[in-house]
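Have the model open while you read, and take the points in order.

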Amino acid sequence: MAEVQVDEVEGGERRRRRPLAEYAAELEAVSLSVRAAPPLRLKALVRACHHALALFDLLGVEAGFWKTEYAERLVALERAAEAMDSAEELVDRDVAAGRVRATGTHSNNLVRVKRGIELKRALFQLMLAQLQQQRPGGGVSFDGVVSMAYAAVFARYHDKNVQSTVADSICAIPVKSISDFFATINETDESAAAEMQKYIDAANGIISYIDELFASRGVSADF
């Protein structure tokens, strides 16, 4: 297994980073905030989703294009947040201009970021199922669950050429087992299960909120 560094040196001491725990905590904060007091704040959403970039690093160099595309979407939303505070204002502007689905619009970027959240939710649901069956090392491989998550969330939006490229990159993932993945991000099976469930619960709230936001404006987020 290729070694991926997720620890960092701070004040001369090595700090063991837990990127899954960091991501889950930030997303949970966004979900709780929007549930208690809408609207959905763009800066908070972007800040939370930036934590996903550390997880992309674990997928190897072949998956670098996933990280690049996702990072570009986040940067675009981050810039939009300088002029628009909320997802509501962002979608309303594109609806008024009749450009919700156009490539490169803020609404398009928001949907792609939401789909990234959905991908990780599907991945963590699959890994939780393996843990509940007590098969983290002997069940489906890590690249196997990544492939299933991709098929569930993204595949229908991609043509055959893109699907083939993604399949090749998944096969090249250096982390081979779910337990290895947990160890790489400084989690045990037990701690990872708790963080993945926290992420799933938070993601459910944010995904539903964004879908309902688009529906309330008479458009679908399924594009």
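Predicted model: local features only at pLDDT ≥ 70, side-chain atom pairs only at ≥ 80, totals over all residues.

1. Let's begin with histidine 51, which sits in the loop between α2 and α3. Which residues does histidine 51 touch, once its neighbours within four places in sequence are left aside? The contacts are Glu22, Tyr23 and Glu26. Glutamate 22 is 29 residues away along the chain, yet its C-alpha atom and that of histidine 51 are separated by 6.9 Å.

2. Next, a backbone detail to look at. Proline 38 and proline 39 are joined by a cis peptide bond, with omega at about 10°. To find the spot, go to the loop between α1 (19-36) and α2 (42-49), where proline 39 lies. For context, most peptide bonds are trans.

3. Another backbone detail turns up at asparagine 186. This residue is not a glycine, but its phi is positive, at about 60°. Look for asparagine 186 in the loop that links α9 (178-184) with α10 (189-216). Again for context, most residues other than glycine have a negative phi.

4. The angle here is about 130°, and the axes are 8 Å apart. Sorted by class, the α5 and α6 contact has 4 nonpolar, 2 polar and 1 charged residues.

5. Helix α6 (residues 106-132) also packs on α7 (residues 142-153), at an angle of about 135° and with the axes 9 Å apart. This pair is therefore oblique as well, and α6 passes α7 in a right-handed crossing. From α6 come Arg115, Glu118, Leu119, Ala122, Leu123, Leu126 and Met127; from α7 come Phe142, Val145, Val146, Met148, Ala149, Tyr150 and Val153. How many nonpolar, polar and charged residues does this contact have? There are 12 nonpolar and 2 charged residues, with no polar ones.

6. Helix α7 in turn packs against α8, with an angle of about 160° and axes 9 Å apart. Are these two roughly parallel or roughly antiparallel? The cut-off for antiparallel is an angle over 145 degrees, so α7 and α8 come out as roughly antiparallel. Their crossing is right-handed. Asp143, Val146, Ser147 and Tyr150 of α7 make this contact with Val162, Gln163, Val166, Ile170 and Cys171 of α8.

7. Which helix gives the largest share of its lining? That is α6, with 4 residues. At least two lining residues each come from α3 (52-56), α6 and α7. The lining includes Ala52, Leu55, Phe56, Leu59 and Trp66, along with Leu119, Lys120, Leu123 and Phe124, and also Phe142, Val146 and Phe181. By class, the cavity lining has 11 nonpolar residues, no polar ones and 1 charged. Notice that Leu119, Leu123, Phe142 and Val146 are among the cavity-lining residues and also take part in the contact of α6 with α7.

8. Last, the open space. The largest pocket has a volume of about 410 Å³. Of the 19 residues lining this pocket, Trp66, Glu69, Arg112, Phe154 and His158 lie nearest its centre. Trp66 is one of the residues that line the largest cavity too. Which helices each supply at least two residues to the pocket lining? They are α4 (64-80), α6, α7 and α8 (160-171). The pocket lining divides into 13 nonpolar, 2 polar and 4 charged residues.

Terms used:
Residues numbered from 1 in each chain as written. Heavy atoms only, no water. Axes fitted to C-alpha atoms, helices over the stretch in contact; angles between N-to-C directions. Parallel < 35°, antiparallel > 145°, perpendicular 65-115°, else oblique. Left-handed = near helix turned anticlockwise from the far one by under 90°. Contact = heavy atoms within 4.5 Å. Nonpolar A, V, L, I, M, F, W, Y, C, P; charged D, E, K, R; others polar. 1 Å grid on protein atoms, 1.4 Å probe; cavity = no way out; pocket = protein on both sides within 12 Å on 5 of 7 lines; lining within 4 Å. Points joined across faces, edges and corners; volume = space filled by probe spheres on them.
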